[in-house]
Every structure is written in structure tokens, then in C-alpha cells.
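This report describes where nonpolar residues gather and where charged side chains pair. Please look at the sequence and the 3D structure before reading on.

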Amino acid sequence: SPLWRVKPDRSDSMKVDFSRNDYTLDFSAGVVDVTDPGNRAQVITTAAMKLFGRDAVYAYRQFLYAARGRLHRFYMPTFTADIFPVTDLGGSQFDAEMNGFNEYMKEPQEARLIIAVDFKDGRPSVYRTIVNIDPVNQTVPPFRQVAERFTVDQPMPPILKREIERVSFVVPSRFDQDAFELKHYTDNSAAVSTA
């Protein structure tokens, strides 16, 4: 599955919405039933992008051809800070602020399985797959949980906390349309906007 690498244009607002494919079954006799066949929520993200340079426009077009509209899934970062590391990163484990992941992720979840570490200086992101999440407790009373320890599939290079822009989840996604419009600012322009 292709990996989405185009950053959204933050000058336009990103919209995030949620929906479920639930259906109400009412036969006018008995109890009204609501069913959710997929048993999963859908996150809908709407974002604008500006592409500068022919190489960027060509790479975006190649991605659209690979994803083939709604036909194939691809992996896309959420572009939000989902995990907040409390220490520098390096190796196959790192500690993050408590967010409840170790409580509700008792088994791997497809939508919360891969992370992307984005850097402030624009260097390429580091991608890893989560293997396990454990609580980190105080070693003295009252023994309360103070952090969450993420274990990843491959060791990470040494990364200073101050270098990190955000740590996002990378989720399996699909386009909600098959047609895309690329707006060129002028004729033969290498600057393009799309959504």
C-alpha cells in the first residue's frame, strides 16, 4: 500500500469529522434495532495542499495513480501530535506522557499500529510499528502510573526530544472520491493547489 508523504497546507484549516455506517431497523413491530455491520468508526479528514515544483506535482500524480481513487487503501499520517515523548528517542523503547493507550490497546489495532516521527528541520520522517505498550509506574508509594512505554519493531536512531515536531499515528486510509482537481495558478505553472 502506498504511503502518503505530502504535508497538508496549514494556511487552510484541516477538518476532521467522524461517522459510522450504522442502520436503524424498524419493522413497526417490536423493538427498534440499531446495527453497525463494520463495528468501526470512520475518521474523515479534509485538507488542502499546495505543491511547488514539477517534481512535487509529478510525485503527487504518481501517488493518485497508485491509490486509484477509492479502489485501494494507502497509509496516511494523522498530522496531529498523538504521542508526546517525555525523553529523547533511541533504541526500541521510549516513554511518553500518559494517554490511556496501554488501557484500551490490549491487542494491536490497525488504526493505532504505525507511528511517524516528524522533525522540525524537515528531514525525512522515521516510521516504526508498535509492538507493545506498557504502563510505567512509580517505584515508591503511591505506585501510580506516570508514563507509557512504547516498544517498536526496529530500533530508532538517536533523536533528541527538542528535534521532534510531532509523533503521529499512520492509519490505513482511502480517498472518498475518484476524481481530483489540480489547480495551476498560471499557465504552465509548477505551483499547484488541490484538496
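How many salt bridges does the structure hold? The structure holds 6, a salt bridge being a side-chain nitrogen of Lys or Arg within 4 Å of a carboxyl oxygen of Asp or Glu.

## Basis of the model

This is a predicted model, in which local features need pLDDT of at least 70 and side-chain atom pairs count only at pLDDT 80 or more, while totals for chains, interfaces and linings use all residues. Residues are numbered from 1 along each chain as its sequence is written, and side-chain values use heavy atoms, with hydrogens and water left out.

## Nonpolar cores

In soluble globular proteins, nonpolar side chains tend to be buried together. A nonpolar core here is a set of buried Ala, Val, Leu, Ile, Met, Phe, Trp, Tyr and Cys residues joined through side-chain atoms within 4.5 Å. Buried means under 20% relative accessible area, exposed means over 50%, and partly exposed lies in between (1.4 Å probe, protein chains only).

The largest nonpolar core has 20 residues, and the members that touch the most others are Ile83, Phe94, Ile115, Val117, Phe150, Met156 and Ile159. Two or more residues of this core come from each of strand 7 (89-96), strand 8 (114-119), strand 9 (126-137), strand 10 (145-159) and strand 11 (164-173). Strands (E, at least two residues) and helices (H or I, at least four) are DSSP runs, numbered from the N terminus. Leaving aside residues up to four places away in sequence, Met156 touches Leu89, Gly90, Gly91, Phe94, Val117, Val126 and Arg128, where contact means heavy atoms within 4.5 Å. A second, separate core has 14 residues, among them Trp4, Val57, Leu64 and Phe175.

Side chains of opposite charge can pair when their charged atoms come close. Asp178 is partly exposed at 47% relative accessible area, and Arg70 is partly exposed at 46%.

Arg123 pairs with Asp121, their closest N and O atoms being 3.2 Å apart. Arg123 is partly exposed at 33%, whereas Asp121 is exposed at 56%. In another salt bridge, between Glu165 and Arg166, the closest N and O atoms are 3.3 Å apart. Glu165 is partly exposed at 39%, whereas Arg166 is buried at 12%.
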